[in-house]
Amino acid sequence: MSHHDPQLPLPLPAPPRAQDQPLLPVRMVNEWVYCPRLAWLMWVEGEWADTDDTARGQRVHAATDEGGGRLPSPENTARGDDPMARARSIMLSSDRLGLIARMDIIEAADGIVTPVDVKKGKRPHVDKGAYAPERVQVCLQALILQDNGYDVREAALWYAGSRERVRVELTPELRASALQAASDLRLAVSCGHRPPPLDNSPRCVRCALAGICLPDEINWFGDHDPPRPLNPADDPAMPLHVVTPGARIGKKGGRLIITPPDGEKVKTPLINVSDVSLYGPVSISTPALTALFRQGSSVAWFSTGGWFNGMATAAALRSAHVREAQYRAFFDAGRCLRLSRALVEAKIRNQRTLLRRNWRAENGEDGKSDILTRMKRLHERCPHAPDESALLGLEGEAAALYFRHFSKMLAQHDPEGMTFDFATRNRRPPRDPVNAMLSFGYAILTRTLASILSTTGFDPWRGFYHHQRPGRPSLALDMMEPWRPLIADSVLLTAVNNGEITPADFIHNGPACAMKTKARKSYLRVFERRMEVKATHPLFGYRLSMRRLMEVQIRLFARHLDGELRDYFHYTPR
Ligand code: SF4
């Protein structure tokens, strides 16, 4: 039997719930009241991002999450058998309401039960002493308890920041609005439409998902104001590359321990590692893998020579939303062609930009403007390419021009008087140092994009332009096209022209040429420096690191594929 305050009406009838609909977590209703899009992103698309704020919240909840205490049965509580009790971290649900909640604290005294939700911050100075989303959340917890047969008269919020307790009265208005919010969220989920972002709202400033939701960026496409820089400008965690043959990676506490076959162990906090790449015979322990997957980091395996063998990620993608949009676009031949045209156009534009900016005066200006004009004509023809083979033709013609003049961007002499000879692009195996570096750079870039694509919900193996082949991450190769000149080629130029890699850093074996370990280490150092360089986003005007820029672009691309954004622009700096 349920117990209700006779002064208060019974809760509204529960909204209808389809048999196969899961119970709705009450926490999601809190998010829905804060921002409908936030609840959608978390509940439907399974998105989450840790920030300093959320980490603080987890610390505050640590004590309650451990559980403890005992919640007496409704009958014992009603009889007053257990006059005082307190239980922590109790999961309860109500099928009738279609709701489930983990309750931080449940207090029972004199036959009456009170749910208390713990908040990390200070009590807000609003008229009812608590924000609406929090009152709705704890009210729904109270309704679940009532549905489980407990007598609940009120609820409470505990603000750890100011150590204050706020009483939440279960008024008919609060009950009605809480159930309405749950019903609205359920309806939105069943309709399958992601709610639009809030417009210039201060809520976005505090929102952990701002970098994933991209509220101002999405609104910008709808002619709103320029975006505020809500996005984290860079990622404090960095990739870890282990290239020393025979090294082992283990885990101790919150750290990764890298043990080379000889020499000093290297320790690094797990939270400082965004993802891990292993080159050649390097091993990693299961505890280290598990800890990396738990924090959402991927692990990739390369051959010693830098061939990208594969990648493992956490099984954390709870939603197939982005992949559905990706596959729908893949099965639409017209759309694939449009997407491919834009990719190739952006790639040629960026190749041209790199040539224009880095053509060295010492190599003579002869023919420069003619080459640039021809490349411009090629990218201008891309949007009109009638089919894929025409597009391949334009791409090939541009690549031939670009690589024929690639050496114009290289300093002609290194300090030891040796030069990098480069005539044309070749691979499998690369036959000269420049080709060895190009192949290595493209492999690292493929891995970087495959990792971002996985994190953002894509299937990296199914592309629009690159055809399906076993072991080929086609979408990563597609999305890499505009970035090849900007990252991999540019890193090569920096490493060579600054003398960080010299012709002596390569091994020649028959026709093949490979990078020595020292060269790979130097290349990776320059690569990571390049990924940290801040660039101004050409549309939004704020600065962010190359790594974040790639992620923002890929998230916008997902929004384009699922129909939220009509247009998508590749990153093509001037
Ligand atoms: S960033 Fe703003 S619009 Fe996006 S989910 Fe957060 S609060 Fe909502």
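In this predicted model, strands S9 and S10 (residues 255-259) are paired in the antiparallel sense, with five bridges between them. Lysine 251 faces leucine 256 of S10 across this pairing. The two strands make up a hairpin in which two residues separate S9 from S10. Glycine 253, in the turn of that hairpin, has a positive phi of about 60 degrees.

On the parallel side, S9 (residues 248-252) is joined to S13 by two bridges. Here isoleucine 249 stands opposite isoleucine 284 of S13. Both pairings belong to an open sheet of four strands, ordered S11-S10-S9-S13, with mixed pairing. The edges of this sheet are taken by strand S11 (266-269) and strand S13 (283-284); each has a single partner strand, so one side of each lacks a neighbour in the sheet. As a reminder, strands of a sheet pair through backbone hydrogen bonds, in either a parallel or an antiparallel arrangement.

Strand S6 (residues 154-159) and strand S7 (residues 164-169) run antiparallel and are joined by six bridges. Tyrosine 159 has glutamate 164 of S7 as its bridge partner.

The largest cavity holds about 100 Å³ of space. It is lined by 14 residues, of which Cys35, Leu38, Cys204, Cys207 and Cys213 are the closest to its centre. Helix H2 (36-43), helix H7 (202-205) and helix H8 (210-213) each contribute at least two residues to the lining of the largest cavity. The biggest contribution to that lining is made by H2, with three residues. By class, 12 residues of the lining are nonpolar, none are polar and two are charged.

What takes up the space of the largest cavity? This space is taken by the ligand. Around the ligand are Cys35, Leu38, Pro197, Leu198, Cys204, Cys207, Ala210, Cys213 and Pro215. The shell around the ligand consists of nine nonpolar residues, with no polar and no charged ones.

The second largest pocket contains about 1,200 Å³ of space. Its lining comprises 43 residues, and the closest to its centre are Trp307, Arg427, Arg428, Leu477 and Arg484. Two or more lining residues are given by each of several elements, namely strand S15 (308-312), helix H12 (333-358), helix H14 (388-404), helix H15 (433-455), helix H16 (474-480), helix H17 (483-497) and strand S17 (512-515). Among these contributions, H14 provides the largest share, seven residues. The lining of the second largest pocket divides by class into 20 nonpolar, 11 polar and 12 charged residues.

Technical notes
Residues are numbered from 1 along each chain as its sequence is written. This is a predicted model: local features need pLDDT of at least 70, side-chain atom pairs count only at pLDDT 80 or more; totals for chains, interfaces and linings use all residues. Side-chain values use heavy atoms; hydrogens and water are left out. A residue is near a molecule or strand if one of its heavy atoms lies within 4 Å of it. On a 1 Å grid over the protein atoms alone, a cavity is a set of points where a 1.4 Å probe fits but cannot get out, and a pocket is an open set with protein on both sides within 12 Å along at least five of seven lines; lining residues have an atom within 4 Å of a point. A molecule sits in a cavity or pocket if more than half of its atoms lie within 2 Å of its grid points. Ala, Val, Leu, Ile, Met, Phe, Trp, Tyr, Cys and Pro count as nonpolar, Asp, Glu, Lys and Arg as charged, and the others, Gly among them, as polar. Grid points are joined across faces, edges and corners, and a volume is the space filled by probe spheres set on the points. Two strands pair if DSSP finds at least two bridges between them.
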